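User: Could you take a close look at one part of this model for me, and connect what you find there to its surroundings? I'd like the cut-offs spelled out as you go.

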Amino acid sequence: MVNSKKTKKEIITRAEKIAAAHEKKFKGCGQCTFMAIIDALRWGGIELISKETEEKLFPGISMLTAGVCMSGEGTCGAVASSAMALGLALGPPIDSIDMSAARRTAAAIRGSLMAKYDNEYGSILCKDVQRKFFGKAWDLTDDKMAHEFLGVTKGCVIQQTAGWTTGIIIDELAKIK
């Protein structure tokens, strides 16, 4: 186990619980998933970024929600923000000129999180995930449809993705430490 204060299972469970709480408060899949991962890892003794940095990133990460800017047309916000968390944990430093580190991180994300989405939902695209998860997709740019969606989401894939990604980060960090 990576230098953590808690077990992998405890940290994953914590991420899922935080994700549920954040979804009730903040709603968006991008920010709720990202914050749940970061906060659960920090609680477990693995700090990827400071609380201050997390707060500064919040507005930008919010725009990853629902297929980028609530369009439904892009990558699921839970996937996009999870890829960002995975990059923070595993990606190359800014002064690296070795692209192999970035390629390894990208391969790890494709082979883990994206593979789970392909298995479970057949896609990482927001509208495809909505169709598989709910049986239909909403036009989230329409206020009425967005309110309807928010009334039925109950976390959508936020909790599941936060748990998956937290576990992936712990496993990947254990390989390199």
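Analyst: **A close look at one helix and its partners**

Helices H5 and H8 are roughly antiparallel to each other (angles under 35 degrees count as roughly parallel, over 145 as roughly antiparallel, 65 to 115 as roughly perpendicular, and the rest as oblique). This is a predicted model, in which local features need pLDDT of at least 70 and side-chain atom pairs count only at pLDDT 80 or more, while totals for chains, interfaces and linings use all residues. Residues are numbered from 1 along each chain as its sequence is written, and side-chain values use heavy atoms, with hydrogens and water left out.

Let's start with that pair. The axes of H5 and H8 come within 10 Å and cross at roughly 150°; axes here are lines fitted to C-alpha atoms, for helices over the stretch in contact, with angles from 0 to 180 degrees between N-to-C directions. H5 spans residues 99–121 and H8 spans 158–176, helices being DSSP runs of H or I with at least four residues, numbered from the N terminus. On the H5 side, Ala108, Ser112, Leu113, Lys116, Tyr117, Glu120 and Tyr121 meet a set from H8 made up of Gln160, Thr161, Trp164, Thr165, Ile168 and Glu172. A meeting of this kind is a contact, with heavy atoms within 4.5 Å.

H8 also has H2 as a partner. Their axes come within 9 Å and cross at roughly 40°, so H2 and H8 are oblique to each other. This crossing, too, is right-handed. H2 brings Cys29, Cys32, Thr33, Ala36, Ile37 and Leu41 to the meeting, and H8 brings Ile158, Thr161, Ala162, Thr165, Thr166, Ile169 and Ile170.

Beyond residues up to four places away in sequence, Ser82 touches Thr33, Ile37, Leu113, Thr161 and Thr165. With Thr165 there is also a side-chain to side-chain polar contact of 3.0 Å. A polar contact is a pair of N or O atoms within 3.5 Å; within protein, one must be able to donate a hydrogen and the other to accept it, and residues adjacent in sequence count only if both atoms are side-chain atoms.

Thr161, one of the residues Ser82 touches, sits in H8 and is buried at 0% relative accessibility. A polar atom of the Thr161 side chain lies 2.7 Å from the backbone oxygen of Val157. Setting aside neighbours within four places in sequence, Thr161 is in contact with Thr33, Ala78, Val79, Ser82, Leu113 and Tyr117.

Outside four places in sequence, Ile37 touches Ser82, Ala85, Ala162, Thr165, Thr166 and Ile169. Ile37 and Ala15 are 22 residues apart in sequence, yet their C-alpha atoms are 5.6 Å apart.

Now the wider setting. The largest nonpolar core has 43 residues, and those with the most contacts inside it are Leu41, Cys76, Leu86, Leu113, Tyr117, Val157 and Ile169; such a core is a set of buried Ala, Val, Leu, Ile, Met, Phe, Trp, Tyr and Cys residues joined through side-chain atoms within 4.5 Å. H1, H2, H4, H5, H6, H7 and H8 each supply at least two residues of this core, and H2 gives the most, with 8 residues. Leu41, apart from neighbours within four places in sequence, is in contact with Ile11, Ile46, Leu48, Thr166, Ile169 and Ile170. In soluble globular proteins, nonpolar side chains tend to be buried together.

Ile12, in H1, is buried at 18% relative accessibility and touches Gly163, Thr166 and Gly167, not counting residues up to four places away in sequence.

Notes: Buried means under 20% relative accessible area, exposed over 50%, partly exposed in between (1.4 Å probe, protein chains only). A crossing is left-handed if the near helix is turned anticlockwise from the far one by less than a right angle, and right-handed if clockwise.
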